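Please read it with the sequence and the model side by side.

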Amino acid sequence: MKNIYYNQIEGAIKEKCWKLSSYILAEYDFKNLEHPWNEPWCLFGNTFKDMFENTFIKELIEMAALLRSLQDVHRTDNNQESNVFPSNDIGLLIHNDGTQEVLDFRKACNKIIHALEYSIDFTFSKEHPLSNGKDGYSDSTLDNFKSPIIITRGKYGKQEWKAEIYFFKFIEHTINTVS
């Protein structure tokens with residue numbers, strides 16, 4: 001018998017991965033269409049930008065919450081968290097004292113859910129955003145890749161934090177987690 005709960009969440013998460021990737025790649029193109037002085041009448045620099053940010057953040061928070069609920073379903077008998085979300089290099093967690101730590105997948109979901117502020121760094125890279133040097137992505141003939149970084153900020157108690165989440169790595173690990 002199939003677990004309906006898991007199958008429904010898996011389908012919703014994969015759909016959100018596709019939507020989020022589509023939204024962010026479209027936004028790179030919209031940025032090229034913005035008026036250089038950000039005039040109020042510019043559809044791409046104002047109306048579409050606001051719509052993108054609101055829609056993107058909403059979908060991202062929903063997906064992170066679904067991923068965390070999936071992890072809660074997979075707790076072990078002694079209420080320990082299962083290894084549904086393996087530790088991976090998804091980004092960086094920067095504490096207000098300047099110290100940094102590697103952000104794993106579970107923490108990345110938590111930093112998305114609990115953030116007080118969001119922004120996106122629309123960066124470009126010479127290296128494919130999913131390349132680890134072993135997977136063939138380096139065979140690409142392109143010399144410039146879109147490599148967005150989701151930046152979230154928040155507080156835990158009195159301590160402020162900033163998370164930099166490598167978007168395509170986060171999406172890749174999301175799909176691998178539910179597949």
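C17 is buried, because its relative accessibility is 2% (buried means under 20% relative accessible area, exposed over 50%, partly exposed in between, with a 1.4 Å probe and protein chains only). C109 is buried as well, at 0% relative accessibility. Across the whole structure, zero disulfides are found, a disulfide being a pair of cysteine sulfur atoms within 2.5 Å.

This is a predicted model, in which local features need pLDDT of at least 70 and side-chain atom pairs count only at pLDDT 80 or more, while totals for chains, interfaces and linings use all residues. Residues are numbered from 1 along each chain as its sequence is written, and side-chain values use heavy atoms, with hydrogens and water left out.

**Overall architecture**

- The protein chain contains four helices and seven strands (DSSP runs numbered from the N terminus: helices are H or I with at least four residues, strands are E with at least two).
- Along the sequence, the order of elements in the protein chain is α-α-β-β-α-β-β-β-β-β-α.
- Of the 179 residues in the protein chain, 39% are buried.
- Among contacts in the protein chain with a separation of 6 or more, 62% are between residues 24 or more positions apart; contact means heavy atoms within 4.5 Å.
- The protein chain has an accessible surface of about 10800 Å², and carbon and sulfur atoms account for 52% of that surface (Shrake-Rupley method with a 1.4 Å probe; for residues, only the protein chains shown count as cover).

**Salt bridges**

- The whole structure has eleven salt bridges, each defined as a side-chain nitrogen of Lys or Arg within 4 Å of a carboxyl oxygen of Asp or Glu.
- E15 and K19 form one of them, with an N to O distance of 3.3 Å.
- E15 and K19 are four residues apart in helix 1 (residues 4–33), which means that about one helical turn separates them.
- E15 is partly exposed, with a relative accessibility of 45%, and K19 is partly exposed at 22%.
- E59 pairs with K16 in a salt bridge whose closest N and O atoms are 2.8 Å apart.
- Because E59 lies in helix 2 (residues 43–73) and K16 in helix 1, this pair ties together parts that are 43 residues apart in sequence.
- Both E59 and K16 are buried, and the relative accessible area of E59 is 5%.
- E59 also forms a salt bridge with K19, where the closest N and O atoms are 3.9 Å apart.
- With E59 in helix 2 and K19 in helix 1, the pair ties together parts that are 40 residues apart in sequence.
- A network of salt bridges links E15, K16, K19, K58, E59 and E62.

**Aromatic pairs**

- There are eight aromatic pairs in the structure (rings of Phe, Tyr and the six-membered ring of Trp, with centres within 6.5 Å; planes under 30 degrees apart are stacked, over 60 edge-to-face and the rest tilted).
- The F52 and F122 rings have centres 6.2 Å apart and planes at 50°, so the pair is tilted.
- This pair links distant parts of the chain, since F52 is in helix 2 and F122 is in the loop between strand 3 and strand 4, 70 residues apart.
- F52 and F122 are both buried.
- The F56 and F167 rings also form a tilted pair, because their centres are 5.8 Å apart and their planes are at 50°.
- F56 is in helix 2 and F167 in helix 4 (residues 167–178), so the pair ties together parts that are 111 residues apart in sequence.
- F56 and F167 are buried.
- Ring pairs join Y28, F52, F56, F122, F124, F167 and F168 into a cluster.

- Helix 3 (residues 105–113) has F105, A108, C109, N110, K111 and I112 as its buried residues.
- At the start of helix 3, D104 brings a side-chain oxygen to within 3.3 Å of the backbone nitrogen of R106.
- T123 sits in the loop between strand 3 (117–121) and strand 4 (124–125).
- The T123 side chain reaches the backbone oxygen of S147 at 2.3 Å.
- Apart from neighbours within four places in sequence, T123 contacts Y28, F145, K146, S147, P148 and I149.

Notes
A polar contact is a pair of N or O atoms within 3.5 Å; within protein, one must be able to donate a hydrogen and the other to accept it, and residues adjacent in sequence count only if both atoms are side-chain atoms.
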